[in-house]
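Keep the model open as you read.

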Amino acid sequence: MTKLTRRHVLAATAAFGASAAAVGMPSTARAAAPVAGKQVAGFYRYKVGDIEVTVVTDGANRLPVTDAFVTNVKKEEVNAALAAAFMEPGFFIGPYNPVVINTGSKLALVDTGTSEAAFVSSKGATGQLMTNLAAAGIDANAIDTVIISHYHGDHINGLLKADKSLAFPNAEILVPANEHQYYMDDGNMSRAPKGRIEDVFKNVRRVISGDVLKRLRTYEWDKEVIPGVHAVGTPGHTPGHTSHVVSSGAAKVYVQADVTHAPYLFARNPGWHAFYDQDPVMAEATRRKVYDMLVAEKMLVQGFHYPFPSVAHVEKSGTGYREIPVLWNTAL
């Protein structure tokens, strides 16, 4: 029997190290790798009956919470709600999530995000739609319809590329008739208050012009926009703000645009008046009506400013509502 001593073990270890080096084996583990430094492409698909929906993130903005952020409550209350939702107090993270609807006969984009120009100015934080569409295998040239919910910049600016050419050159652009009429009325523009509302008018006139205007057609509330997509009037956020019900067979999803913004603030507290609601009293009434319906009918909701992939069920919670995000499904 061979008696192993500490000297024998050390000698054997050294010999193995030398032989490993001789045949090119690494003598130590090399687990280190460079950090990626960026997030993966953002898109998610689910089915509504026979219709395929692809949620495509345009990124997210970061805004400071000031006294004016919610006009009828103090910022301390807003910050407490953010902390309760495990968010950073003092800042509001606003995601942007357009959706592509593939009905089989139509390939429609609902809202367009903040634009390629915003990608540059925000250093990639927003304006990601075109990149993520490509990652999702969706050719911008194949989109035949763009459906606009309302005329705020994060919903229309992406109609134009950074060079001001059409981002979706083969698409018909469908907009709510009363929204278009309101913002294209010179009298309304002349009466717009200085500041944010005046700036919205100016941006609308910048985007809704030229080649965009040539491809534009208006649609009415309570009518089908394209097969499987029904327009629903949800005013308050803007005068012609519109939501859309996507349905196939018995399946439905309510694409709400900005009925609420971040649900952990404005669904849970439907009485809060966000500074970007043009008529906050009407917006609150619309919000309560829509969310009572969603609860009663147990209908899925797709929220433009919900956390990605921004689709959820909702339930009553105290004096407001709580979102229940759908589980990530690996199969369609």
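A residue is called buried when its relative accessible area is under 20%, exposed when over 50%, and partly exposed in between, using a 1.4 Å probe and protein chains only. By that rule, 47% of the 332 residues of the protein are buried.

The model is predicted: local features need pLDDT of at least 70, side-chain atom pairs count only at pLDDT 80 or more, and totals for chains, interfaces and linings use all residues. Residues are numbered from 1 along each chain as its sequence is written, and side-chain values use heavy atoms, without hydrogens and water.

Now the overall form. The protein has 11 helices and 16 strands. These are DSSP runs numbered from the N terminus: helices are H or I with at least four residues, strands are E with at least two. Along the principal axes, the C-alpha atoms fill a box of roughly 100 × 45 × 45 Å. The radius of gyration is 25 Å, whereas a compact globule of 332 residues would have one near 20 Å. That radius is taken over C-alpha atoms, and the globule rule is 2.2 Å times the number of residues to the power 0.38.

Next, the contacts. A contact means heavy atoms within 4.5 Å. Of the contacts in the protein with a separation of 6 or more, 65% join residues 24 or more positions apart.

What lies inside? A nonpolar core here is a set of buried Ala, Val, Leu, Ile, Met, Phe, Trp, Tyr and Cys residues joined through side-chain atoms within 4.5 Å. The largest one has 34 residues. Leu133, Ile143, Val146, Tyr151, Leu159, Phe168 and Ile208 have the most contacts inside it. At least two residues of this core come from each of β6 (107-110), α4 (129-135), β8 (172-176), α6 (177-183) and α8 (196-207). Helix α8 gives the most, with five residues. In soluble globular proteins, nonpolar side chains tend to be buried together.

Take Val146 as an example. Beyond four places in sequence, Val146 touches residues including Leu109, Leu159, Phe168 and Ile173. A second, separate core holds 22 residues, among them Ile51, Val55, Val110 and Leu300.

Finally, is His180 buried or exposed? His180 sits in helix α6. It counts as buried because its relative accessibility is 15%. His180 and Ile208 are 28 residues apart along the chain, with their C-alpha atoms separated by 9.2 Å.
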